[in-house]
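Have a look at the model first, then read on.

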Amino acid sequence: MTGERQSSWFPLALLGFALIGLAALDLRTPHGWFAYTPAARPGQQFLYGMPQRYSDYVVSTRVEVVPWGSRWQIALALGFAGAVIWYAVRNRPVPARRLAAVVVAGVAVLALSAGLEVWASGPQGRVLAGAVGGPLVVVAAVAGLWAYFGTARRRLALGVCLVCLTLGIFGLAAAVSTDLVDPVTAAFGLAVPAWCTRSVVLAVVTVVFLAAAVPFAGATLGLLAPGAVLLGGAIAVLVAARRPTAGAG
């Protein structure tokens with residue numbers, strides 16, 4: 001278990017570097033704007049420091065190279081691919097069925113988040129996302145209670161709870177703002193290894209990551225802050241995983 005926890009540092013660091021790199025690209029990428037500068041011709045008269053005719057302008061246009069929605073999607077794709085390759089190499093031989101299931105599930109979640117972001121870009125889509133997400137969260141709560149207190153088919157109830165909770169949170173996030181869909185996707189991706197390895201450090205990193213990403217969603221700081229959290233979390237995972245070994249020695 002300690003080895004699995006220690007191996008979690010690489011996906012955290014990879015996603016953190018990807019977010020910070022995209023933030024640096026965003027700082028260098030000019031955004032769309034128009035600047036109009038009056039261009040005076042030789043001999044043109046000025047009145048109180050301004051030209052009398054405004055027929056001639058120097059127009060400057062800049063186009064945004066990378067759309068905002070794709071920034072997070074690029075970082076998530078890099079982080080997911082790196083995590084799959086990292087775990088497959090470190091834990092080989094990996095059962096082919098398990099690896100295929102992880103890849104299919106990850107690609108499905110990434111596709112779901114991208115499609116939901118496009119679908120909820122309009123006002124009607126956001127209303128429908130909230131209308132669907134709310135009831136799904138309620139169903140997840142009921143299924144969770146059944147899984148905890150029930151005596152029969154508890155695994156089925158737990159599966160229904162996790163699926164409905166995931167879809168419900170996606171829907172509610174899209175209803176608030178489409179900029180929240182990708183950070184929520186990343187948080188789900190971080191929560192999976194935290195749950196599988198029972199790592200408190202990873203769970204704390206996931207919560208802090210989401211708290212750093214949500215307030216600044218849609219801004220450059222919304223890439224820098226969670227990226228810095230992930231890099232700090234990677235260091236914390238390494239320190240926490242090596243502490244028992246140091247104590248024993």
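## Ground rules and overall fold

Helices here are DSSP runs of H or I with at least four residues, strands are runs of E with at least two, and both are numbered from the N terminus. Keep in mind that this is a predicted model, where local features need pLDDT of at least 70 and side-chain atom pairs count only at pLDDT 80 or more, while totals for chains, interfaces and linings use all residues. Residues are numbered from 1 along each chain as its sequence is written, and side-chain values use heavy atoms, with hydrogens and water left out.

So what is the protein built from? There are nine helices and four strands. Reading from the N terminus, the order is α-α-β-β-β-β-α-α-α-α-α-α-α. Of the 249 residues, 31% are buried. Buried means under 20% relative accessible area, exposed means over 50%, and partly exposed is in between (1.4 Å probe, protein chains only).

## The largest pocket

The largest pocket holds about 1,900 Å³ of space. A pocket is found on a 1 Å grid over the protein atoms alone, as an open set of points where a 1.4 Å probe fits, with protein on both sides within 12 Å along at least five of seven lines; lining residues have an atom within 4 Å of a point. For the volume, grid points are joined across faces, edges and corners, and the space filled by probe spheres set on the points is taken.

Which residues lie nearest the centre of this pocket? They are Phe188, Gly189, Val192, Pro193 and Cys196, out of 49 in the lining. Helix H7 brings the largest share of that lining, 13 residues. Helices that supply at least two lining residues each include H2 (9-28), H3 (68-90), H4 (96-119), H6 (154-176), H7 (181-197) and H8 (200-213).

By class, the lining has 38 nonpolar residues, nine polar ones and two charged ones. Here Ala, Val, Leu, Ile, Met, Phe, Trp, Tyr, Cys and Pro count as nonpolar, Asp, Glu, Lys and Arg as charged, and the others, Gly among them, as polar.

Leu22 sits in helix H2 and is buried, at 10% relative accessible area. In space, Leu22 is 7.8 Å from Ala75, C-alpha to C-alpha, though 53 residues separate the two in sequence.

Over in helix H3 you'll find Trp86, which counts as buried at 19% relative accessibility.

Ser199 is 38 residues away from Val237 in sequence and 8.9 Å away in space, C-alpha to C-alpha. Leu231 is also in helix H9, but is partly exposed at 21%. Leu231 and Leu14 are 217 residues apart in sequence, with 8.4 Å between their C-alpha atoms.

Leu221 belongs to helix H9 (residues 221-248) too, and with 41% relative accessible area it is partly exposed. Together with Leu27, Phe216 and Leu224, Leu221 makes a nonpolar surface patch of about 360 Å². Such patches take residues with over 30% relative accessible area and no salt bridge, joining nonpolar side chains (Val, Leu, Ile, Met, Phe, Trp, Tyr) within 5 Å. A salt bridge is a side-chain nitrogen of Lys or Arg within 4 Å of a carboxyl oxygen of Asp or Glu, and accessible areas come from the Shrake-Rupley method with a 1.4 Å probe.

## A loop residue with positive phi

Arg153 lies in the loop between helix H5 (123-149) and H6. Its phi is positive, about 55°, although Arg153 is not a glycine. Arg153 is exposed, with a relative accessible area of 68%.

Conventions: Patches are made of residues with over 30% relative accessible area and no salt bridge: like charges are joined within 9 Å, nonpolar side chains (Val, Leu, Ile, Met, Phe, Trp, Tyr) within 5 Å.
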